[in-house]
Amino acid sequence: MPSMSTIESLFCRSAPWEAATRRWVLPWALQGVRPTGRVLEIGGGGGAMAAQLLAASTPADRLQLTVTDFDPVMVGAAQDRLQRFGGRAHAEVADATALPFGDGEFDTVVSFIMLHHVVAWEQALREAVRVLRPGGTLVGYDLLGTAPARILHRLEGAPHRFIDRGQLRPHLAGLPLRDLTVRENVALTRFRATRTAGR
């Protein structure tokens, strides 16, 4: 699984990205879902979205957040950013296509604009569903394979494999999920679903 490019790495650790996540990106990405209990963010980068999730939570949410990323530099940045939340959060190096967690360990799994970096994004989604408890929620968003996105990623040399329009829904429909919603616009796709009891 590839690491981020230098440009993306710097952007994901920046204060402007953290401000944007708080104000616009996170509420839009969550689609009304309020994560509670044990939450896993796969490919969490520098922890900007995780920090906003924790900051917006209440004691009643009992939020315990695990952030994973394949890139040790990103995990270090996330650890620094999440220190203020003490034992409610931790970050660790992990491959999204082979998560080091047992089946059904998490109440919510989130994925924010990272699947195209995984390349084998289908396997990453299978793993996300595997570690999700029955009745738990999968929610996230990603870039679609538009010409501008492809050009930008080629120019910066970032390894990627985009989801093409209409490609995500059939893949998710083949996983043990119900209440599946996939929304696409010109450049992005959002998704949410609930884990069923089946395999």
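**Stop one: an exposed aspartate**

Start by selecting Asp103, which counts as exposed because its relative accessibility is 54%, over the 50% cut-off. Keep in mind that you're looking at a predicted model. Asp103 sits in the loop between β3 and β4.

How accessible is Arg130? With a relative accessible area of 22%, Arg130 is partly exposed.

**Stop two: along helix α6**

Stay on Arg130 and bring in Glu127. Here's another salt bridge, again listed at 2.8 Å from N to O. Both residues are in α6, and because they are 3 residues apart, about one helical turn separates them. Is Glu127 buried or exposed? Glu127 is buried, at 9% relative accessibility, which puts Glu127 under the 20% cut-off.

Show Asp103, Glu127 and Arg130 together and you'll see one network, joined by salt bridges that share partners.

Next, select the whole of α6. How many of its 10 residues are buried? The count is 7, so the helix is largely enclosed by the rest of the structure. To colour the buried ones, pick Trp121, Glu122, Ala124, Leu125, Glu127, Ala128 and Val129.

**Stop three: a strand meets a loop**

Clear the selection and go to Arg38, in strand β1 (residues 38-42). Which residue does Arg38 pair with in a salt bridge? Select Glu105: the closest N and O atoms of this pair are 3.4 Å apart. Glu105 is in the loop between β3 (89-93) and β4 (106-112), and 67 residues separate it from Arg38, so you're again looking at a link between distant parts of the chain.

**Before you close the viewer**

The pairs on this tour are among the 8 salt bridges that the structure holds.

Conventions: Residues numbered from 1 in each chain as written. Predicted model: local features only at pLDDT ≥ 70, side-chain atom pairs only at ≥ 80, totals over all residues. Heavy atoms only, no water. Salt bridge = Lys/Arg side-chain N within 4 Å of Asp/Glu carboxyl O. Helix = DSSP H or I, 4+ residues; strand = E, 2+ residues; numbered from the N terminus. Buried < 20%, exposed > 50% of the residue type's maximum accessible area, 1.4 Å probe, protein only.
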